[in-house]
Amino acid sequence: MQPDFSIRLEKRATTSTFFAYFSPFIALIMMLIAGGMLFFLMGHNPFKALYVYFIEPLTDTWTLHELAIKSSPLILIATGLCLCFRSGNWNIGAEGQFIMGGIAGASIPVFFPEFTSFWILPLMLISGVLGGMVWALIPAILKNRFGTNEILTSLMLVYIAGHFLDWIVRGPFRNPEGFNFPGSISFSQWQVLPEVFSSGRMHYGMIFAIIGVIVVWFLLSKTMKGFEILVIGQAPRAGQFAGFSPQKTTLFVFLVSGAFAGLAGIAEVSGAIQQLRPSISPGYGFTAIIVAFLGRLNPLGIFAAGIVLALSYLGGEAVQISLNVTDKIANVFQGLLLFFVLGCDTLIHHRIRFGHSWGFIKQGVQHGTG
Amino acid sequence: MKKLLASIAGLGLGLLASTGVSFAADTKACFVYVGPIGDFGWSYQHDQGRLAVEKELGVETAFQESVPEGADAERAIERFARSGCNIIFTTSFGYMEPTNKVAKKFPDVKFEHATGFKRESENVSTYSGKFYQGRYVQGKIAAMESKSGVAGYIASFPIPEVVRGINSFILGAQSVNPDFKLKVVWVNSWFDPGKEADAANTLVAQGADILTQHTDSTAAMQVAQEKGVKAFGQASDMINFGKDVQLTAIIDDWSPYYIERVKAIKDGTWKQHDVWLGMDKGDVVMAPYTNMKPETAKAAAEIEAKIKSNEFEPFTGPITKQDGTEWLKDGQKADIGTLLGMNFYVKGVDDQLPQ
């Protein structure tokens with residue numbers, strides 16, 4: 001007779017509200033402990049390493065600006081995505097909507113380089129928003145009309161957008177004076193999203209992100225539309241009885257998240273890069289999905305999560321230079337954070353049961369509840 | 001504790017100011033890489049150059065690897081400029097705009113951008129290598145060693161530097177076999193071992209029995225070793241990844257240039273310039289000729305010597321473009337502007353140049 005060493009997860013009857021709320025913070029602390037141990041094993045002083053990683057980037061004005069630049073697209077995209085995910089629409093294609101927003105917005109300075117006035121920037125931003133919306137509209141329509149799986153269609157549209165960008169900067173958008181190198185002309189003064197303060201290069205993208213967070217928070221918590229989104233997401237049938245249309249909701253959330261991603265795209269192109277290049281995003285659209293879930297699909301949580309994730313990139317660069325560790329360190333910390341968040345969430349809702357039955361119980365027969 | 005924190009925070013300009021003149025006079029050279037230093041290709045070679053600087057001049061160096069081209073690059077460069085670097089080497093084409101942007105903000109720091117053409121302020125130099133010289137030698141070897149008369153070329157992006165290499169390769173091959181064919185696969189990445197290996201497999205399936213690449217990983221060399229087709233290493237000697245199949249490799253040896261430039265900083269003689277480094281000064285080097293017939297090795301060494309002594313230039317007429325029009329008349333040499341902006345194939349390339 002062999003002892004049974006099975007481990008099972010059992011749903012808890014009640015979950016602690018306190019822990020449900022604080023699990024991201026617990027995860028953050030566990031990540032710091034695990035990361036510190038990692039640095040120690042690599043032969044570095046863990047306190048110094050963690051200081052360089054997580055505190056130092058917050059002590060310099062210029063790194064705070066950089067933090068804002070890195071986090072604003074993440075926050076903006078994730079805020080839009082939380083509407084999708086809350087309503088049960090799995091928009092995985094924000095990366096593509098981001099890229100199309102960048103292209104649409106950049107098309108104005110590329111085709112009208114002589115057009116220099118105050119109005120060009122608002123036009124670029126509106127055009128970027130529309131670009132993102134059009135790209136998000138496709139999976140929404142396909143889902144509503146043909147019942148296609150929006151995870152697949154939105155994801156595949158990312159690759160189309162990426163290749164479209166790659167083609168366009170070598171073809172119609174190419175800088176005629178750029179020796180055939182891929183890339184558009186560099187934007188001139190009126191076409192660049194200005195910096196907010198003179199002390200660094202943080203541009204108005206961060207302001208858009210803050211406004212976006214407030215708007216979506218208001219929408220979700222104070223309006224009928226927000227209530228509709230939540231009901232459709234949690235109980236679609238109940239929503240239909242209440243007269244809510246799942247199709248209209250799908251259309252609405254895709255359009256809003258597309259608009260947010262498109263705005264993030266043109267803000268990045270106009271503010272941070274200041275030209276269109278073969279690649280304009282280091283995967284913001286995908287990282288934003290992590291940000292949305294880390295932030296509990298809550299706009300205010302997303303704001304904090306966006307800052308934390310941006311910090312993990314910046315700190316990763318800082319330790320790379322000052323401690324000579326590999327660039328993969330940022331990935332390791334992001335992985336640790338995600339692992340602990342998921343782990344904490346699971347354990348808040350479930351408890352672990354170690355098997356204590358003996359082998360005579362046949363497979364498939366549950367033995368007690370202990 | 002405060003003291004400890006302050007000293008840790010010393011990455012910034014603070015330390016330079018507080019530790020006085022002797023430290024500030026020291027030279028620090030910093031490097032930004034597009035790939036991992038373990039790519040055993042492009043970034044690896046730049047890092048070898050950095051190590052040579054450290055060894056030769058005893059100066060402090062720092063580097064950041066795998067820096068994406070775009071908004072992140074500007075931060076990486078600015079971080080170096082703020083952390084007391086006197087000279088910053090940015091080693092990928094896509095760093096051109098960020099390098100120039102940061103350079104304007106830090107007039108006292110010198111910037112060296114590899115493979116670019118923009119020098120918007122006094123403190124920016126550009127440098128590149130005439131890798132196409134090595135491609136010509138490779139083409140000659142390929143035509144002498146190939147049985148099928150078809151070679152495969154794994155290309156990254158259709159920018160002039162890459163197109164130049166492709167053209168030079170086919171010209172070298174045609175100098176032996178006028179009917180030699182070259183197939184090209186674009187992987188649209190500098191470093192993507194998976195895609196590079198796929199491209200290598202595709203080219204072998206299409207009949208190529210010699211592979212060459214303008215991408216940074218060793219994946220294609222490993223495929224060649226598996227399939228038993230011959231291949232050329234890129235940027236660094238890849239013989240360890242294809243000991244039975246590597247014919248030779250173009251080695252980018254940045255050490256002489258990096259030592260020269262960092263020394264100029266030390267001596268205070270650094271001046272802005274734009275250079276195109278070639279075989280003549282030892283910046284482009286051929287790896288030993290291996291896995292080939294003795295007569296091929298002899299012919300390769302001969303043409304290498306001619307290019308090295310500037311007796312021969314690969315882009316010398318008569319050369320016909322792919323569309324059949326004449327580019328260079330007999331004996332005419334290509335002008336540097338056309339070479340730098342090259343956006344057309346010469347005759348014999350079996351591919352449409354992505355426009």
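Into which domains is chain B divided? In this predicted model, chain B splits into domain 1, residues 26-129, and domain 2, residues 132-252 + 284-350. The C-alpha centres of these two domains of chain B lie 28 Å apart. Domain 1 of chain B brings 12 residues to the contact, and domain 2 of chain B brings 13 residues. On the domain 1 side, the largest share comes from helix H4 of chain B, residues 42-57, which supplies four residues. That side of domain 1 of chain B holds five nonpolar, six polar and one charged residues.

Within chain B, strand S1 spans residues 28-32. Is this strand mostly covered or mostly uncovered? S1(B) is mostly covered, with five of its five residues buried. Burial here rests on a count: a residue is buried if 20 or more other C-beta atoms lie within 10 Å of its own. Both faces of S1(B) are covered. Lys28(B), Cys30(B) and Val32(B) lie on one side. Ala29(B) and Phe31(B) lie on the other. A charged residue, Lys28(B), is thus among the buried residues of this strand.

S1(B) also pairs with other strands. One partner is strand S2 of chain B, residues 60-64. Five bridges join S1(B) to S2(B), and the two strands run parallel. Within this pairing, Cys30(B) stands opposite Ala62(B). How does the chain get from S1(B) to S2(B), and what is the hand of the crossover? The path goes through H4(B), and this β-α-β crossover is right-handed.

Another partner of S1(B) is strand S3 of chain B, residues 87-90. Four bridges join S1(B) to S3(B), again in parallel. Phe31(B) has Phe89(B) as its bridge partner in S3(B).

The two chains also meet. In all, 30 residues of chain A are in contact with 32 residues of chain B. Which elements of chain A give two or more residues to this contact? They are helices H2 (46-55), H3 (61-86), H6 (150-170), H10 (246-273) and H12 (299-323) of chain A. H12(A) gives the most, with four residues. By class, the side of chain A that touches chain B has 12 nonpolar, eight polar and 10 charged residues.

Definitions and conventions: Residues numbered from 1 in each chain as written. Chains lettered and ligands numbered in written order. Predicted model: local features only at pLDDT ≥ 70, side-chain atom pairs only at ≥ 80, totals over all residues. Domains from an automatic or database assignment. Contact = placed C-beta atoms within 7 Å. Buried ≥ 20, exposed ≤ 12 C-beta atoms within 10 Å, placed from the backbone. Pairing = 2+ DSSP bridges. Right-handed = clockwise from strand over helix to strand, strands pointing away.
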